[in-house]
Amino acid sequence: LEILGRGTPGFVGADLQNLVNEAALLAARRDAQRVAHIDFERAKDKVLLGAERRSLVMTDEDKRITAYHEAGHALVAMLTPGSDPVHKVTIIPRGMALGVTQTLPAEDRYNLTRDQILAMIKHAMGGRAAEELVFKHLSTGASNDLQQATRLARQIPGRGRQLPEVAAARPFHRALHTPGSAVVRREREVP
């Protein structure tokens, strides 16, 4: 239960009830007599990330890019001092994500230090870095990571000066979201 609790920060009673109900349904589908930890983990993924998109057909190249992207997040999180420990890495599409690298804080936090935020920014940019190293190009999968890194950078205490990590990400973020870019065209096409 401790791991489950660390993975559900901010959940209120109704959220926990939804989680327990979903876990019970998953256990029933397995014909289990009891709800197991794996049922809660799968229920948490469904509640937080959305249902698995089994109908999504990805090319082998998309799977490969996603795998390296998520591995980049995981490696950076594991190798960055002060980063939260990696809990789970998956390339199973859920919700809008093609893959997820989930970290869990060791304890509840109500404030973040500059070093903790920088570790989170590095983790967010790890997927992008892996894509650049392996494929020598970037995919649109990194756009959400850039938004997350930018949001985190704005929380840094005493951020009067420009951070090199954020400055490096700006041109790519602008290119993705300018009129006529592939991301903007795709966003318009998706209902």
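Threonine 90 counts as buried because its relative accessibility is 18%; buried means under 20% relative accessible area, exposed over 50%, and partly exposed in between, with a 1.4 Å probe and protein chains only. This residue belongs to strand E1 (residues 86-90). Helices (H or I, at least four residues) and strands (E, at least two) are DSSP runs, numbered from the N terminus.

The structure is a predicted model, in which local features need pLDDT of at least 70 and side-chain atom pairs count only at pLDDT 80 or more, while totals for chains, interfaces and linings use all residues. Residues are numbered from 1 along each chain as its sequence is written, and side-chain values use heavy atoms, with hydrogens and water left out.

**Surroundings of threonine 90**

Leaving aside neighbours within four places in sequence, threonine 90 is in contact with Glu70, Gly99 and Val100; contact means heavy atoms within 4.5 Å. A polar atom of the threonine 90 side chain lies 3.0 Å from the backbone nitrogen of isoleucine 92. Glutamine 102 is twelve residues away along the chain from threonine 90, and their C-alpha atoms are separated by 8.7 Å.

Methionine 96 is placed in the loop between E1 and strand E2 (100-103). Because its relative accessibility is 77%, methionine 96 counts as exposed. Glycine 50 is 46 residues from methionine 96 in sequence, yet the two are 8.1 Å apart in space, C-alpha to C-alpha.

Most residues other than glycine have a negative phi. Aspartate 31 and lysine 136 are listed below with their positive phi values.

**A nonpolar surface patch**

Tyr68, Leu133 and Val134 form a nonpolar patch on the surface, together having about 290 Å² of accessible area. Patches are made of residues with over 30% relative accessible area and no salt bridge, where like charges are joined within 9 Å and nonpolar side chains (Val, Leu, Ile, Met, Phe, Trp, Tyr) within 5 Å. A salt bridge is a side-chain nitrogen of Lys or Arg within 4 Å of a carboxyl oxygen of Asp or Glu. Accessible areas come from the Shrake-Rupley method with a 1.4 Å probe; for residues, only the protein chains shown count as cover. Valine 134 lies in helix H5 (residues 114-135) and, at 35% relative accessibility, counts as partly exposed.

**Confidence of the model**

The pLDDT, the predictor's confidence in each residue from 0 to 100, averages 82 over the protein chain, and 83% of the residues score at least 70. Confidence is highest in helix H4 (residues 60-79), at a mean of 95, and lowest in helix H8 (residues 182-189), at 46. Over residues 183-191 pLDDT stays under 50, and the model has nine contacts beyond four places in sequence for them.

How values were computed
Polar contact = N/O pair within 3.5 Å; in protein donor to acceptor, adjacent residues only side chain to side chain.
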